[in-house]
Amino acid sequence: MDELARLLSARHMVRRYTDEPVAEDLLQRLLDLARRAPSAGNTQPWSFLVLRDDDVDRYWATTMPAPEARSRFRWQGLLAAPVLVVPYVCPDAYADRYGEADKAGTGLGAGTDAWPVPYWWVDGGAVVQNLLLLATAAGLGACLFGQFDHEDAVRAAFGVPEDQRAVGTIALGWPAPDEPGRSAGRPRPALDDVLHHGSWAVSSSGDDAGSWQVWSRQT
């Protein structure tokens, strides 16, 4: 537990990398372990698009097609990451899995719209966290960032099937001296502020009169 606690505390987003390559066997090992994440119905809906060398350049040319956009990009060191990994999930795989005999009674096999919580994103997030922690354990730097309105362009550029959805993109490489992101200084809430034992109105200390008064007026 101490080692896991250390990794959780040490993990942070790295936006600048050296030019040292990431060994293929190390990358394969990280991805193999990262996919050992929980998924609803053990659906295991994930796939990885792994980009190196010219494919990395093509990714940035796809998401920032204007040369001036790349030159103005704040995180120039991020553009130098030797590896980009795009984790994908397949939402339809969940409807297919829950249409099978052992899950049919849930009604979730009717289609993705039947899911009140889209667990493909939840489970994809577990894979991402696994990969970020594994990178930290290996001494690598990693940075997760969103594709936002570039998802379709990336899909087209790399021949990704239409039924796949990108969880984001993860840059991987050996870390170079970096500066923290703008959000790094945001304070972490006190544990007592996020724990609610037995009722949302009761804090970790069991004494949250202000919240109790608000709760009691609402009930």
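Guide: Let's start with contact, which means heavy atoms within 4.5 Å. This is a predicted model, where local features need pLDDT of at least 70, side-chain atom pairs count only at pLDDT 80 or more, and totals for chains, interfaces and linings use all residues. Residues are numbered from 1 along each chain as its sequence is written, and side-chain values use heavy atoms, with hydrogens and water left out.

Visitor: Which residues does Ser39 touch, not counting residues up to four places away in sequence?

Guide: Ser39 touches Gln44, Pro45, Trp46, Tyr94 and Asp123.

Visitor: Is Ser39 buried or exposed?

Guide: Buried means under 20% relative accessible area, exposed over 50%, and partly exposed in between (1.4 Å probe, protein chains only). Ser39 has 13% relative accessibility, so Ser39 counts as buried.

Visitor: How do I read a salt bridge?

Guide: Look for a side-chain nitrogen of Lys or Arg within 4 Å of a carboxyl oxygen of Asp or Glu. By this rule the count is 10. One of them pairs Arg58 with Asp55, with the closest N and O atoms 2.9 Å apart.

Visitor: How many residues apart are Arg58 and Asp55 in helix α3?

Guide: Helices (H or I, at least four residues) and strands (E, at least two) are DSSP runs, numbered from the N terminus. Arg58 and Asp55 are 3 residues apart in α3, so about one helical turn separates them. Arg58 is partly exposed at 37%, and Asp55 is partly exposed at 28%.

Visitor: What about Glu151 and Arg155?

Guide: Their side chains meet in a salt bridge at 3.4 Å, N to O, and both residues are buried. Shared partners join Glu151, Asp152, Arg155 and Arg165 into one salt-bridge network.
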